[in-house]
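Please look through the structure below. The paragraphs after it go from one part to the next.

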Amino acid sequence: MQQQDLILGNKTMTSEQTHAETVAAPGRAGDRIFRRLTAFFALSILAILLLMIWQMTRESLPSITAFGGKFLTGSEWDAVQEEFGALPFLFGSVISSVLAILLATPLSVATALLITEIVPHRLGSAIASLVELLAAIPSVIYGLWGVLVMAPWLQRSVQPWLVDHFGFLPFFEGAPYGVSMMAGVLILAVMIVPIITAISREVLLAVPRSQREAAVALGATRWEAIRIAVLPYGKSGILGAVILGLGRAIGETMAVTMVIGNTPQISWSLLSPAYTMPSVIANEFAETTAKIHTAALMEIGLILLAVTLLINILARLLIWSVTKGQKQGAA
Amino acid sequence: MNAKVSLENMSVHFGGNHAVKSVNLDFPANSVTAIIGPSGCGKSTLLRSINRMHDLVPTARVSGRITLDGKDIYGAGVDPVSIRRTIGMVFQKPNPFPAMSIHDNVVAGYKLNNTLKRSEADEIVESSLRRVALWDEVKDRLKSSAMDLSGGQQQRLCIARTIAVQPEVILMDEPCSALDPIATLKIEELVEELKEQYTVIIVTHNMQQAARVSDSTAFMYMGEMVESGPTKKIFTNPEMKQTEDYITGRFG
Ligand SMILES: Nc1ncnc2c1ncn2[C@@H]1O[C@H](COP(=O)(O)OP(=O)(O)O)[C@@H](O)[C@H]1O
Ligand SMILES: [Mg+2]
């Protein structure tokens with residue numbers, strides 16, 4: 001056989017090919033099954049998501065048809081009168097998340113820089129694992145700490161001081177309750193710092209040494225090297241981390257529900273209680289009686305899902321564009 | 001000949017690894033000195049000690065003396081940042097800042113020490129890019145990303161960026177090893193011109209390149225400085241057997 005193949009020269013190829021095919025056939029069948037199986041599971045995740053959107057849309061139809069666009073602009077939330085406007089929840093979610101991001105971002109980026117650029121490698125790794133540990137704490141624990149420790153502290157010391165000194169500003173108007181938009185913002189900030197820090201750290205670690213060296217060799221100090229080489233290189237990755245944090249903040253339910261005061265109102269004062277989309281769903285879903293009430297909560301869920309999906313896609317795209325750029329870019 | 005940079009009994013250790021062993025070497029002003037030797041012999045390590053890049057590596061320890069115009073650059077009270085402004089460096093792989101435009105790359109280092117007006121910046125960009133023969137190729141797209149350039153153009157951009165800081169000495173660590181032959185030739189021509197104004201120290205594993213561009217050559221082997229002298233002499237009539245073996249391609 002072998003001999004013949006050699007002699008026939010040209011034909012060798014084809015005969016070897018058929019040979020290989022017959023031998024590899026069982027393996028290929030296994031490959032095929034494996035591929036189909038993974039494809040099935042991957043698609044089923046997508047299917048679950050689509051099914052969820054479809055189901056939620058269907059369940060919220062009564063509310064969608066009854067209120068239309070007014071659902072997003074109305075600020076009345078009255079189960080008895082069956083009047084539902086989601087604006088206070090939208091407002092509460094967006095404002096608390098955005099403020100939390102504004103607070104958490106500088107803190108997280110600074111921590112990531114400290115870990116990767118300033119302290120010795122070992123100490124940096126130790127701090128990094130500590131920070132990641134924070135991400136593993138269940139949110140109800142954060143909530144408990146928030147309602148038992150932070151909110152009373154805010155009510156006793158921070159908020160009265162703010163009222164005394166900055167009470168003339170609309171942001172610090174009213175009585176200090178402790179539970180408030182401010183408490184919600186702070187708890188959210190604390191909860192998203194770990195994830196933003198962890199991803200920023202990875203982004204900064206991926207900055208090639210040659211970039212730092214380029215800056216240092218030009219006469220940059222440590223801080224200047226960070227400013228002209230490290231941060232610009234990692235900027236879209238860090239932005240991705242921030243947006244991922246925003247997604248977390250918007251979807252966070254438990255801890256926020258425990259400290260934000262759960263009052264559907266639109267107030268610019270950080271001292272006022274507020275309400276978020278996940279909180280109202282969690283609080284009211286079990287005790288709805290009217291169908292329209294359930295539908296309204298479903299619609300809020302739908303809005304929340306849309307917002308978080310959008311934010312996540314945006315974040316992934318940004319992080320993806322960074323890693324892609326690194327592969328093509330300067331080493 | 002007066003030495004611009006000189007090494008006296010200079011050693012570098014990485015932890016317990018004695019990477020550069022008690023080297024004595026003078027680098028004359030306004031000339032090109034090539035450092036050759038097989039991979040891993042300590043060429044880069046020696047070069048990096050001259051602009052204090054080892055300060056970034058916690059395990060690295062430099063001993064002996066390195067002087068610039070007779071002054072110890074590791075002396076007490078010497079600011080490594082100011083040393084690096086006087087002694088610029090070009091790396092093995094082109095490393096422009098990818099987030100910056102061509103224009104901003106050129107003035108990136110210069111801007112660290114000077115607040116400059118637009119017109120000044122434009123002047124420095126033009127003169128630096130002309131100096132590296134890149135101006136005509138990029139003058140119409142100064143605002144585009146440095147990553148749009150070819151490897152050879154990127155390396156010349158990096159040289160322009162180094163020149164813009166107005167150094168006196170330029171260190172080059174195998175600046176052509178990632179480039180094609182034509183881009184290599186351009187860099188070599190540039191090196192010849194640079195010595196009019198700067199003291200150039202170039203590491204290369206390419207002996208033809210050393211022979212072409214340098215006035216003096218130093219041959220290193222396993223952390224030691226085996227032989228140094230005028231390039232012509234090293235390549236035609238070396239004193240040490242090891243040097244001869246290396247340049248005739250018998251090892252390395
Ligand atoms: N940052 C570093 N940490 C530890 N060892 C190093 C470091 N840089 C270089 N070395 C060691 O120093 C020696 C010389 O390396 P190098 O100067 O890069 O050689 P060359 O440039 O001649 O190829 C090698 O043994 C290398 O392992
Ligand atoms: Mg080297």
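In chain B of this predicted model, strand 1 (residues 3–14) and strand 4 (residues 60–68) run antiparallel and are joined by eight bridges. One residue of strand 4 to look for is B:Leu68, which stands opposite B:Val5. The two strands belong to an open sheet of four strands, with the order 2-1-4-5 and antiparallel pairing. Strand 2 and strand 5 (71–72) of chain B are the edge strands, since each of them pairs on one side only.

Strand 2 of chain B contains B:Ser22. Is B:Ser22 buried, exposed or partly exposed? A residue counts as buried with 20 or more other C-beta atoms within 10 Å of its own, and as exposed with 12 or fewer. B:Ser22 has 15 other C-beta atoms within 10 Å, so it is partly exposed. If its neighbours within four places in sequence are left aside, B:Ser22 is in contact with B:Asn9, B:Ser11 and B:Gly64. B:Ala108 lies 86 residues from B:Ser22 in sequence, and the two C-alpha atoms are 36 Å apart in space.

Between strand 4 and strand 5 of chain B there is a loop, and B:Asp69 is located in it. Most residues other than glycine have a negative phi. B:Asp69 is not a glycine, yet it has a positive phi of about 50°. This residue, B:Asp69, has 14 other C-beta atoms within 10 Å and is therefore partly exposed.

Now turn to helix 1 of chain B. How many of the eight residues of helix 1 of chain B are buried? Eight of the eight are buried, so the helix is largely enclosed by the rest of the structure. The buried residues are B:Lys43, B:Ser44, B:Thr45, B:Leu46, B:Leu47, B:Arg48, B:Ser49 and B:Ile50. After helix 1 of chain B comes B:Arg52, with a positive phi near 60°.

Along its sequence, chain A follows the pattern α-α-α-β-β-α-α-α-α-α-α-α-α-α. Of the 331 residues in chain A, 38% are buried. Among the contacts in chain A between residues at least 6 apart in sequence, 75% join residues that are at least 24 apart.

The domain assignment divides chain A into domain 1 (2–67) and domain 2 (71–328). Taken over C-alpha atoms, the centres of domain 1 and domain 2 of chain A are separated by 40 Å. The two domains of chain A touch, with 11 residues from domain 1 and 12 residues from domain 2 taking part in the contact. On the side of domain 1 of chain A that touches domain 2, there are seven nonpolar, three polar and one charged residues.

The phi of A:Glu82 is positive, about 55°, although the residue is not a glycine. A:Glu82 counts as exposed because it has 12 C-beta neighbours inside 10 Å.

Which parts of the two chains meet? In the interface, 20 residues of chain A are in contact with 24 residues of chain B. Helix 8 (209–217) and helix 9 (222–251) of chain A each supply at least two residues of the side that touches chain B. That side of chain A has 12 nonpolar, five polar and three charged residues.

Last come the scores of the prediction. The model has an ipTM of 0.92 and a pTM of 0.81. For chain B, the average pLDDT is 93, and 99% of the residues score at least 70.

Notes:
Residues are numbered from 1 along each chain as its sequence is written. Chains are lettered from A and ligands numbered from 1 in the order in which they are written. This is a predicted model: local features need pLDDT of at least 70, side-chain atom pairs count only at pLDDT 80 or more; totals for chains, interfaces and linings use all residues. Domain bounds come from an automatic or database domain assignment. Two residues are in contact if their C-beta atoms, placed from the backbone, lie within 7 Å. Ala, Val, Leu, Ile, Met, Phe, Trp, Tyr, Cys and Pro count as nonpolar, Asp, Glu, Lys and Arg as charged, and the others, Gly among them, as polar. Two strands pair if DSSP finds at least two bridges between them. pLDDT is the predictor's confidence in each residue, from 0 to 100.
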